[in-house]
Every structure is written in C-alpha cells, then in structure tokens.
Amino acid sequence: MRPHPRHRRQGFRDNRRGMAKAGDGAPRSDQRQRQALIQIRVTAAEHFAFRRAAQSCGASGLAAWARNLLHKGCGGPSASDRVLSGVLGQLAGRMQEIAHLAPKVPPEKIAQEILRVSQELHDVQRKVIGDDREGVP
C-alpha cells in the first residue's frame, strides 16, 4: 500500500513500526478485536425508538447501547450496573471514613457527613429507579 500523496509531501514515511502486526502478540484495540458482525433489520419507527433509548441511557451510540443490552441479557453486568457498583463502593468508603473519624470529630460534623452520604444514596436510588437517568448509562 502506497502512502497518500499528501503524506509524502508533508514528510510522513510509510513506516509501520508502531502498528501491531499479525502474530506479534501485541494487544489489539477494541475496534480490531471486534470482527464479528450482527445485523438486524428494523422499521423506521423502531430505529427512531432505539436511537432515543440509547440517548436517554447515555450510550455513545446504538452499537454501544445494543452491546450493553446483549451483555446484560447474557448475564453480564451492564454499564449502568458497573457505574452503580462504583458509586456504591465510593459511598461505602465514605461511610468507613466517617466511622473512623467519629471519635475525633464533633458529633455535629459527623451528622452533616452522614446526611450528605444519605442524600447521595437517595440521588443514586432515584437514578436507578428511572426518575432521573442523567449520568447513568
């Protein structure tokens, strides 16, 4: 394959040292790993509904949205499950910090921190239930 004429003019070389080669054992990008293709035909109304659902879930596109649903249907964690797990882990860590600080800090500050964590838990719950899906794919 010859380089594009513009690249030759700009001094680019047809040097592919940085590119992974077949059999070299180098990791491949997601795009290069995904070689199988699944196709389905849908109506215009279905296409519109699917695009809208993907956008409301915060997916980067239809493919990411469909891949997430397929993984979830096969028992794997969905993107929203992974996000939820991360948020709950962070909140649990904050509760542990509060517990460790309790003997050293005035009770009013402990109560304020507990109320903040409680509010964040309520926000997460609202997002999971679906009242506010912003920020949850």
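Visitor: How many helices and how many strands are there in the protein?

Guide: In this predicted model, the protein has six helices and zero strands, and from the N terminus on its elements run α-α-α-α-α-α.

Visitor: Why is A111 called partly exposed?

Guide: A111, which lies in helix 6, has a relative accessible area of 38%. Buried means under 20% and exposed means over 50%, with partly exposed in between, so the 38% of A111 makes this residue partly exposed.

Visitor: How far apart are A111 and I98 in sequence and in space?

Guide: A111 and I98 are 13 residues apart in sequence, and their C-alpha atoms are 9.4 Å apart in space.

Visitor: Which residues does I98 touch, not counting residues up to four places away in sequence?

Guide: With that limit, I98 touches I110, E113, I114 and V117.

Visitor: What makes up the largest nonpolar core?

Guide: The largest nonpolar core consists of five residues, namely L91, I98, I110, V117 and V124. Helix 5, which spans 79–101, and helix 6, which spans 107–129, are the elements that give two or more residues to this core, and helix 6 gives the most, with three residues. Since membership of such a core requires buried residues joined through side-chain atoms within 4.5 Å, and buried means under 20% relative accessible area, I98 as a member of the core is therefore under 20%.

Visitor: What share of the residues in the protein is buried?

Guide: Of the 137 residues in the protein, buried residues make up 9%. The accessible surface of the protein comes to about 11,500 Å², and 56% of this surface belongs to carbon and sulfur atoms.

Visitor: Where does the largest share of the lining of the largest pocket come from?

Guide: The largest pocket has a volume of about 800 Å³, and of the 17 residues that line this pocket, the closest to its centre are I38, A63, A66, R67 and L70. Helix 3 (44–56) and helix 4 (62–73) each supply at least two residues of the lining, while the largest share, seven residues, comes from helix 4.

Visitor: How do the residues of the lining of the largest pocket divide into nonpolar, polar and charged?

Guide: The lining of the largest pocket divides into twelve nonpolar, three polar and two charged residues. Arg counts as charged, so R67, one of the lining residues closest to the centre of the pocket, belongs to the charged group.

Technical notes
Residues numbered from 1 in each chain as written. Predicted model: local features only at pLDDT ≥ 70, side-chain atom pairs only at ≥ 80, totals over all residues. Heavy atoms only, no water. 1 Å grid on protein atoms, 1.4 Å probe; cavity = no way out; pocket = protein on both sides within 12 Å on 5 of 7 lines; lining within 4 Å. Points joined across faces, edges and corners; volume = space filled by probe spheres on them. Helix = DSSP H or I, 4+ residues; strand = E, 2+ residues; numbered from the N terminus. Buried < 20%, exposed > 50% of the residue type's maximum accessible area, 1.4 Å probe, protein only. Contact = heavy atoms within 4.5 Å. Areas by Shrake-Rupley, 256 points an atom, 1.4 Å probe, with all protein chains shown as cover.
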